[in-house]
Amino acid sequence: MLTDNEKAAIIKAHIKNIASNKYNAELSLIEDEALEESNQDSVIFLQKRISDYNAQINALQSELEKLNRSEEHTSELQSH
């Protein structure tokens with residue numbers, strides 16, 4: 001069974017991976033928009049993808065906060 005610290009490390013690794021993918025999409029968007037005749041379908045797709053990455057990061061950060069609250073609650077119970 002995984003400890004809360006191990007779970008948190010895994011979540012943080014996922015967040016970092018998604019943030020990397022998001023940054024790549026942002027760079028691709030900059031590249032597409034720099035073109036004289038940018039492909040609007042590509043621009044729309046990348047904007048949607050970036051929005052999806054933000055949603056994924058927010059969901060994982062919420063999960064991480066739940067772990068932190070659980071860990072704090074466990075620590076309080078053990079100290080009493």
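Q: What makes the pairing of Glu63 with Lys66 a salt bridge?
A: A salt bridge is a side-chain nitrogen of Lys or Arg within 4 Å of a carboxyl oxygen of Asp or Glu. The closest N and O atoms of Glu63 and Lys66 are 3.6 Å apart, so the pair qualifies. This is a predicted model, where local features need pLDDT of at least 70 and side-chain atom pairs count only at pLDDT 80 or more, while totals for chains, interfaces and linings use all residues. Residues are numbered from 1 along each chain as its sequence is written, and side-chain values use heavy atoms, leaving out hydrogens and water.

Q: What makes Asp52 and Lys48 a salt bridge?
A: Their closest N and O atoms are 2.8 Å apart, and both residues lie in helix α2 (residues 40–79), 4 residues apart.

Q: Why does Glu26 count as partly exposed?
A: Its relative accessibility is 28%, which therefore falls in the partly exposed class. The side chain of Glu26 also meets that of Lys22 in a salt bridge (3.9 Å, N to O).

Q: How do you know that the span of helix α1 agrees with expectation?
A: The expected span is 1.5 Å times one less than the number of residues. For the 31 residues of α1 (residues 4–34) that gives 45 Å, and the end C-alpha atoms are 45 Å apart, so the two agree.

Notes:
Helices (H or I, at least four residues) and strands (E, at least two) are DSSP runs, numbered from the N terminus. Buried means under 20% relative accessible area, exposed over 50%, partly exposed in between (1.4 Å probe, protein chains only).
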